[in-house]
Amino acid sequence: MIVPRHYKEIPQRYRLQGNRCKACGRVFLPPRKICPCGSEDLEDYNLSWKGKILTFTIIRVPPAQFKYQKPYAVAVVELEGGGTIQCQVTDTPLEEIEIGKEVEIVFRKILSEGEAGIHCYGYKCRVV
Amino acid sequence: MRDVAVIGVGMTKFGELWWQNLRELYVEAALEAIKDAGVDHLDSMYVGCMTSGLFCAQEHLASLMADYLGQKHISAYRIESACASSGLAFRLGFIEVASGMSDIVLVGGVEKMHTGADATYCLASAADQDYEAFHGNTFPGLYALIARAHMAKYGTTREQMAAVAVKNHYNGSMNPKAQFQMKIDKETVLNATPVADPLGLFDCSPVTDGAAAAILCPVELAKKYTDTIIKVIGSGAATSTIAVHQRDDITFLDAVYQSGKKAYEMAGIGPKDIDLAEVHDCFTIAEICDIEALGFCEVGQGGPFSEAGNTALDGKIPINTSGGLKSKGHPVGATGVAQIVELVEQLRGTAGERQVKNARRGLAQNMGGSGGSSVVHILEVQ
């Protein structure tokens, strides 16, 4: 089941609520208790909703939960002000997705789980 | 620390084995290894398996496998590190023998993947579940992210990646235990059904059932069982960032680099001293990144290095003589020890048509997930 676990991740998925290391400046989503640099001095930080594509793929053989969405693109996005995320690219023709393109983060339904079809929401990006 | 030898190996045929279940696969490989070694008892056992819980709804493999192997009172452990599970099982068995705690240790690996379970979903559990898999990414997708970044940064081409699949299928065509014993050409790879762009079906290792096993003992004791002593001269394991997007350099598998560095240092040798290697080619791009991180070629040059034939059976450094994960098959939890099986056959000189001439030292590199963990072993025939 994803839904009971999804509830815990809502601050990250709805608001990009992560944190930033005060020692080295690295930004994390989800937030970490300790930075790889060794510092435990981290502050709350909401990641930017703007960024650019570092790399991407087009998923043509998805897991069952995503079968009605295929084909869809998944990208690594570097956000302005720090932090990287992995998310789907939406509202963009697949052939227009390229490394380096600027994107904005948008709030979307990610999947629906089980026979009840409970929706799980989160972030995707779209090329601007 | 005592010197440790591999004195026996066993392996099932790899493939789509609907007529064999999880325990039968494991016991077949384990019995073959026990008979190959000629030992009459085991002190301890490590079972590598990634996700029998998702594929077969079966956990507690230490008990199940010891029971069905007729070894119900030995100490046994199930080891999980995604696709590096049995590479790590091998390392733990090595440590147990080296430490003096045990003399005869069986290290094995098994995965039963053809069960009707959604393999793409099961395998995605090796990724960051909440921050990669939740967004619909898959294992081919994660390596596709790496591949596209590698292509953009170093100019690696699809043709260069295809050369890896063509070479591994050629090697696998001579391995009677391989899942796909057929040769393929470059066009087959390039024109295959796309799975996760830029990777197509023939860039991906298959879904496989299978098991592999090896017997470890102190070198001093090994002389009682065999004249061909194959010694473990290096062992290294490392972890790295689990999620692809959080890595400093998406194109570099630093867990592979770190595990290789540790194994080389322990052996007191470098990549130039290795005669052949089995590396974790779960995808064609993975073999390219592996050989870069292990120092067989310059970083960024894995593509042209492979395309030029350096990694072929008669090349500078033969890679994946067994056919690799691509052709031999990839029962995820069994792969690490299956690599050891190939090295032992090569070092014994019993690899038949795919024998590398004068093979004295072999390296095995087994990777978990998209590079979140890696384990390297170096074996030398004495």
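In this predicted model, Asn358(B) counts as exposed because 7 C-beta neighbours lie inside 10 Å, and a residue is exposed if that number is 12 or fewer. Asn358(B) sits in the loop that runs between helix H14 (335-348) and strand S10 (361-368) of chain B. Its backbone deserves a look too: the phi angle of Asn358(B) is near 55°, a positive value in a residue other than glycine. Most residues other than glycine have a negative phi, and most peptide bonds are trans.

The loop holding Ala57(B) lies between helix H2 (52-56) and helix H3 (61-68) of chain B. With 9 C-beta neighbours inside 10 Å, Ala57(B) is therefore classed as exposed.

Peptide bonds come next. In chain A, the bond from Leu29(A) to Pro30(A) is cis, with omega near 0°. Pro30(A) belongs to the loop between strand S2 (27-28) and strand S3 (42-46) of chain A. In chain B, a cis peptide bond links Asp197(B) to Pro198(B), with omega about 5°. Pro198(B) is placed in the loop between S5 and strand S6 (199-200) of chain B.

Chain A as a whole contains one helix and eight strands. The C-alpha trace of chain A spans about 45 × 35 × 20 Å along its principal axes. Of the 128 residues in this chain, 36% are buried. Among contacts in chain A with a separation of 6 or more, 48% join residues 24 or more positions apart.

How do the two chains meet, and which residues take part? The contact involves 26 residues from chain A and 28 residues from chain B. On the chain A side, helix H1 (3-15), strand S4 (50-59), strand S5 (72-79) and strand S6 (84-89) each supply at least two of the residues that touch chain B. S4(A) gives the most, with six residues. Sorted by class, the side of chain A that touches chain B has 17 nonpolar, six polar and three charged residues.

Chain B is assigned two domains: domain 1 (4-118 + 208-222) and domain 2 (124-202 + 233-381). The C-alpha centres of these two domains of chain B lie 22 Å apart. Where they meet, 36 residues of domain 1 are in contact with 31 residues of domain 2. On the domain 1 side, strand S1 (4-11), helix H4 (85-99), strand S4 (105-111) and strand S7 (210-218) of chain B each supply at least two residues. H4(B) provides the largest share of that side, eight residues. The residues on the side of domain 1 that touches domain 2 divide into 21 nonpolar, eleven polar and four charged.

Leaving aside residues up to four places away in sequence, Ile215(B) touches Ile7(B), Gly8(B), Ala33(B), Ile34(B), Ala37(B), Val39(B), Ile104(B) and Leu106(B).

H7(B) is mostly covered, with twelve of its 15 residues buried. Among the buried residues are Met161(B), Val164(B), Lys167(B) and His169(B). What do the buried residues of H7(B) pack against? Their partners are helix H6 (139-154), helix H8 (186-190), helix H11 (284-293), helix H12 (302-307) and helix H13 (324-328) of chain B.

Conventions. Residues are numbered from 1 along each chain as its sequence is written. Chains are lettered from A and ligands numbered from 1 in the order in which they are written. This is a predicted model: local features need pLDDT of at least 70, side-chain atom pairs count only at pLDDT 80 or more; totals for chains, interfaces and linings use all residues. Two residues are in contact if their C-beta atoms, placed from the backbone, lie within 7 Å. A residue is buried if 20 or more other C-beta atoms lie within 10 Å of its own, exposed if 12 or fewer, and partly exposed in between; C-beta atoms are placed from the backbone. Helices (H or I, at least four residues) and strands (E, at least two) are DSSP runs, numbered from the N terminus. Ala, Val, Leu, Ile, Met, Phe, Trp, Tyr, Cys and Pro count as nonpolar, Asp, Glu, Lys and Arg as charged, and the others, Gly among them, as polar. Domain bounds come from an automatic or database domain assignment.
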